[in-house]
Amino acid sequence: MTRVRLSVAERRVELLTATVEQIEARGVAAVRIADVAASLGVSNALVLYHFSTKDELVAAAFAHAAEGDLAHLHKLLGRRTSAVRRLRAAVRWYAPTGPAKGWRLWIEGWASALREPALRSVTRDLDRRWKQALSEVIAEGVAAGEFRCPDPEVAALRLTALLDGLAVQMTAYPGAVSRARTRAWADEALSRELGLPPADLNP
């Protein structure tokens, strides 16, 4: 079968997407350049032409995945509706009970970031940008008089810390926390941070 000739940018996206899939399936430590190449039916040399080392490829793959997640987050937070509705949609999407995929990928990333400076930079930047996006919308809601929150940045930190911890529990220990309980805890945490009764979070 004849392969379609891709531009450099298209080829890089193809390689990064395949790498993300391989990391999700095998883990960072086990994945090899050869695995990525084989999954696409290309040579190791082609992968190495675009990414000179495995560490560079892995860091770029996580950055690629992060940009996708952040784009979706900004889409949710950019809707023309109340700050409460936008925040609830974002928290529900981010929580491990929602449709957001890739928790296994990010847990792999956090673990590997302890040893890999390039990957640590990627995961730290994602974490910072996620919290910043949430805190900005919380601040918008405070300014609009929708709710009261004395420190939006701290509120965003507490929310993400809870959701990250729940994701680890659900991913590493299936059945440790039910999906329904996780969603309820996420809603309860958001209502506490915004100083609103849980019923006021409902659309």
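How close do the axes of helix H4 and helix H7 come, and at what angle do they cross? I looked this up in a predicted model, where local features need pLDDT of at least 70, side-chain atom pairs count only at pLDDT 80 or more, and totals for chains, interfaces and linings use all residues. Residues are numbered from 1 along each chain as its sequence is written, and side-chain values use heavy atoms, with hydrogens and water left out.

I found that the axes of H4 (residues 54-77) and H7 (residues 117-143) come within 9 Å and cross at roughly 5 degrees, the axes being lines fitted to C-alpha atoms over the stretch in contact, with angles from 0 to 180 degrees between N-to-C directions. I therefore noted H4 as roughly parallel to H7, a label for angles under 35 degrees. Helices here are DSSP runs (H or I, at least four residues).

I then listed the contact (heavy atoms within 4.5 Å), which includes Phe62, Glu67 and His74 of H4 and Leu126, Arg129 and Trp130 of H7. By class I recorded 16 nonpolar, one polar and two charged residues, with Ala, Val, Leu, Ile, Met, Phe, Trp, Tyr, Cys and Pro as nonpolar, Asp, Glu, Lys and Arg as charged, and the others, Gly among them, as polar.

I next checked burial in H7, where the buried residues include Trp130, Lys131 and Ser135, buried meaning under 20% relative accessible area with a 1.4 Å probe, protein chains only. Their cover includes H4, H5 (83-94), H6 (103-113), H8 (152-172) and H9 (179-194).

Last, I looked at Ser135, which counts as buried because its relative accessibility is 10%; Ser135 touches Pro152, Glu153 and Ala156, not counting residues up to four places away in sequence.

Key: Helix = DSSP H or I, 4+ residues; strand = E, 2+ residues; numbered from the N terminus. Parallel < 35°, antiparallel > 145°, perpendicular 65-115°, else oblique. Buried < 20%, exposed > 50% of the residue type's maximum accessible area, 1.4 Å probe, protein only.
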